[in-house]
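Here is a short report on side-chain contacts in one protein model. Look at the sequence and the structure first, then read on.

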Amino acid sequence: ANPALRPFLQRGLGQKLSTWPQQSWNLRMLMLAALYYNPALSQARARVSFAKAAVVTANERPNPTFHLQPGIPSPYLFALNLLFPIRTAGRRKIMVAQAQDLTLAARLSLAQTTWQVCSGVRAAVVSDLMATRKVRLLRAQEQLQAHRVLLLRQRLAAGEISRPMLASAQHALLQSRIAFEAARSRIPESRAALAAAIGVPDTALAGIHLVWPTFGHPPPAHSISPTQIQREAVLNRLDVRKALAQYAATQSALQLQIAKQHPDFQLGPGYDFEEGSNYFTLAYSVTLPIFNRNQGPIAQAQAQRKAAAAAFLATQAGAIAQSEEALARYRAAWRTLTGSEQALLQLSHQVIPKERSTVAAGQAGPLALNAVLLQKPGLALAWLTALGQTQSALGALEDSVQRPLQPDEILLRVTPNSAPHSAHSPMQKRTP
């Protein structure tokens, strides 16, 4: 209900919200609310600001040094020097490139955090919708079980059945009620988990209605290309691109240490006053590379670059393996969902109408129809479970490529398209 959230949502959705506060929230709106509230994004934004400040620092030119030496105790001795630091071997340019690579890594980390926040909201919405729908199905099953117990009591009173048959139905009714109460108690938990994923107290979600039109229709498994999934796992994964940017930063760090083999120097004019005489001088100061040629820091930078290259390759291989595993899991879940859906449709459109016709013709009684109707909640629960597993598998597949695969989840593009400043690849070798 925060009025400041309304313009943020309107910018993200690209449309006006006619009423406020909203009573119905779709997945995209909930993700935008999470981008507005979730504290993890504030931390990531702070890291980006810090990295940007490092670029400003790298671009700064060193300040000159002013040296004043008065004559003590004689007032006839006086000297002053102004020294300008000169950086050699393009060191400033390398420092800027390194800071830019680290800034890109920070931006990619922010984008990765953004994806993780949106992914957490999606998972929480799936859990909430599953809990709500499961309660409705269990309630329908309980009502059918209660009607069955009533019919069996009438049969028992007429002496047509034995008492154990009624006791079995009563036990089934008790189990249905227990399952219904257990499912109903999980609704507040799922709603609290959704509130935590957004970054608001659970009271903020009181009374709102969640809308996800395509929740029951995940994309067919055959519509997802394995080649495209693997390609996007390599090119679109933010952790892979972040590892590449970090590698580029270590490459710049190595170049910086190599450049330090050529020492900086200071150069500037000077003035001396000595007992009435004026002397103008030119000062020059440099560190002599006599005892070492910066071999130690160069070796450390080489080791860091090698470690960054290994980390990049490991991240890339892990992304490919994760995408392949997620796709296989989604295909298996989709097959299960399709099978359970076909069984449910066959029961709804063939078996139940046929049984109703049989009862209407007087060839069967209401107890037989109740037995057939009781199959529907069970199959519906199996279909709902398969749907939840399919949506979870789809979420894992989206996480493996970090791209939404359903239209309801498409948000603003938050991943920067910039490439690392250094074009050097960790698959190549470069020595100082």
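A residue counts as buried when its relative accessible area is under 20%, and as exposed when that value is over 50%. Values in between are called partly exposed. Keep in mind that this is a predicted model.

**Salt bridges**

Side chains of opposite charge can pair when their charged atoms come close. In this structure the count comes to eight salt bridges. The table gives three of them.

| Asp239 | Arg237 | 2.6 Å |

Take the bridge between Asp239 and Arg237. Is Arg237 buried or exposed? Its relative accessibility is 6%, so Arg237 counts as buried under the 20% limit. Asp239 has 18%, so this residue also falls under the limit and is buried.

Asp128 lies in helix H4 and Arg191 in helix H5, so the pair ties together parts that are 63 residues apart in sequence. Both Asp128 and Arg191 are buried.

Arg91 is buried, at 9% relative accessibility. Asp264 is partly exposed, at 24%. The loop that holds Asp264 runs between helix H7 (238-259) and strand S5 (265-274). Asp264 also has a spatial relation to Ser285: the two are 21 residues apart in sequence, and their C-alpha atoms are 8.8 Å apart.

**Aromatic rings**

A pair of aromatic rings is described by the distance of the centres and the angle of the planes. The structure holds six aromatic pairs. One of them joins Tyr271 and Phe280, with centres 5.3 Å apart and planes at 50°, a tilted arrangement. Phe280 is exposed, with a relative accessible area of 72%. Elsewhere, Phe8, Tyr36 and Tyr37 make up one aromatic cluster.

**Nonpolar residues, inside and outside**

In soluble globular proteins, nonpolar side chains tend to be buried together. Here the largest nonpolar core has 45 residues. Which members touch the most others? They are Trp25, Leu30, Val121, Val125, Leu194 and Ile198. Several helices supply at least two residues each, among them H1 (5-13), H4 (91-157), H5 (163-198) and H8 (295-360). The largest share, ten residues, comes from H4.

Strands S3 (77-86) and S6 (277-286) each give at least two residues to the patch. Which element supplies the largest share? S6 does, with three residues. Leu282 is located in strand S6. At 65% relative accessible area, Leu282 is exposed, because its value is over 50%.

Conventions
Residues are numbered from 1 along each chain as its sequence is written. This is a predicted model: local features need pLDDT of at least 70, side-chain atom pairs count only at pLDDT 80 or more; totals for chains, interfaces and linings use all residues. Side-chain values use heavy atoms; hydrogens and water are left out. Rings of Phe, Tyr and Trp (its six-membered ring) pair if their centres lie within 6.5 Å; planes under 30 degrees apart count as stacked, over 60 as edge-to-face and the rest as tilted. Buried means under 20% relative accessible area, exposed over 50%, partly exposed in between (1.4 Å probe, protein chains only). Helices (H or I, at least four residues) and strands (E, at least two) are DSSP runs, numbered from the N terminus. A nonpolar core is a set of buried Ala, Val, Leu, Ile, Met, Phe, Trp, Tyr and Cys residues joined through side-chain atoms within 4.5 Å. A salt bridge is a side-chain nitrogen of Lys or Arg within 4 Å of a carboxyl oxygen of Asp or Glu.
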